[in-house]
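Welcome, and thanks for taking a look at this model. Below is a short tour of its backbone features, its sheet and its cores.

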Amino acid sequence: MDDRTGHRTVPETHRRAEHLAKNRYGNRPTMKDVAARAGVGLKTVSRVVNSEPGVTPETERRVQEAIDALGFRRNDSARVLRKGRTASIGLVLEDLADPFYGPLSRAVEEVARAHGALLINGSSAEDPEREQELVLALCARRVDGLVVIPAGDDHRYLEPELKAGVATVFVDRPAGHIDADVVVSDNFGGARDGVAHLIAHGHRRIGFIGDMPRIHTAAERLRGYRAAMEDAGIVMEDAWMSLGVTSPERVRRAAEEMLVGPSRVTAIFAGNNRVTVTVIRVLAEQPRPVALVGFDDIELADLLRPGVTVVAQDAAVLGRTAAERLFRQLDGTLLLPERIELPTRLITRGSGELPPTD
């Protein structure tokens, strides 16, 4: 507002708000501020903050009261420079929204917490360039180690970080062109067992719908499907196999094409949980029952009618095994990279036990 002299005046409440905003954001209290409030030296504050001896109980009380009053938080940057460790690890996933990665991420976090470390995670969205950006960004923030579910197939960009001492474990899929620890499920064996189960129930025309062929897990599960069919002496048709993005539109189209014509399939093996969900919707619209086995368990699979038979892998065990191996690297107890393959198990619920209808 303007006063009678023509000068613009600012109400006191506005000035107070501006002052509070200026002091609230971006101006964190320092140890110097704590020392001034408590009436002690900087070294005394440092001893209290870092739980070091040499401070009387009364002085410690005054310093702690100043810390509480000011909202002081220790800046760990100096400790990082001094000790060379940040007590943090990075986790790079394919998709944070995918239900498969929830238990895996939580298991990694629990192991990190047990070791006094903070977990920082991000999603690559199955994009190799984004994966590389995330990994290098985490390295730039000086994480002590990385757990990576790779989107790409060339990880030579990580060589300088590995030489610099960044512990790294790949999970679910192996690294490309570098030697590194990896923890995977038996994708080949699990898929072979799932398809063999359908064959044992009388099916000969079995479709396979999987993820993009460049993805290690998709390729291994396709290989397992082929092995089971060849072991049974079944001549496969190209129309029975479809790999690509796992969008509902693509998967629906693939399933519908397999279910028509003289060579239509009587059973489908779904290559992952996202494929399984879409296939379930397609099969619900079919006039005749079609058998189904999916790779990866899905929520409510036991409540559907029939229940969904699946090849299950334990995502939590994958994450925990990878994280524990990472911290063994950090402790210096591991020397050579190793591949750890965890077993899968077939869970029968009804959909994989349906007989052929023609």
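P306 is found in the loop between β9 and β10, where strands, like helices, are DSSP runs numbered from the N terminus (strands are E, at least two residues; helices are H or I, at least four). A cis peptide bond with omega of about 0° joins R305 to P306. L300 lies in the loop between β9 and β10 too. Most residues other than glycine have a negative phi, and most peptide bonds are trans.

| Residue | Phi | Loop |
|---|---|---|
| S51 | about 55° | between α3 (42-49) and α4 (57-70) |

S51 is exposed, with a relative accessible area of 68%; exposed means over 50%, buried under 20% and partly exposed in between, with a 1.4 Å probe and protein chains only.

A word on the source: this is a predicted model, in which local features need pLDDT of at least 70 and side-chain atom pairs count only at pLDDT 80 or more, while totals for chains, interfaces and linings use all residues. Residues are numbered from 1 along each chain as its sequence is written, and side-chain values use heavy atoms, leaving out hydrogens and water.

Now to the sheet. Six strands form an open sheet with parallel pairing, in the order β2-β1-β3-β4-β5-β11; two strands pair if DSSP finds at least two bridges between them. β2 (118-123) and β11 (339-342) each have a single partner strand, so one side of each is left without a neighbour in the sheet. Within the sheet, 4 bridges join β3 (residues 145-148) to β4 (residues 167-171), and V148 stands opposite F170 in β4.

Turning to helix packing, the axes of α6 (residues 101-114) and α13 (residues 315-330) come within 7 Å and cross at roughly 35°. Axes are lines fitted to C-alpha atoms, for helices over the stretch in contact, and angles run from 0 to 180 degrees between N-to-C directions. Among the residues that meet are L104 and V108 in α6, and L318 and F327 in α13; contact means heavy atoms within 4.5 Å.

Finally, the largest nonpolar core has 41 residues, and I209, Y225 and M229 have the most contacts inside it. Such a core is a set of buried Ala, Val, Leu, Ile, Met, Phe, Trp, Tyr and Cys residues joined through side-chain atoms within 4.5 Å. A second, separate core of 26 residues includes F100, V183, A315 and L330.
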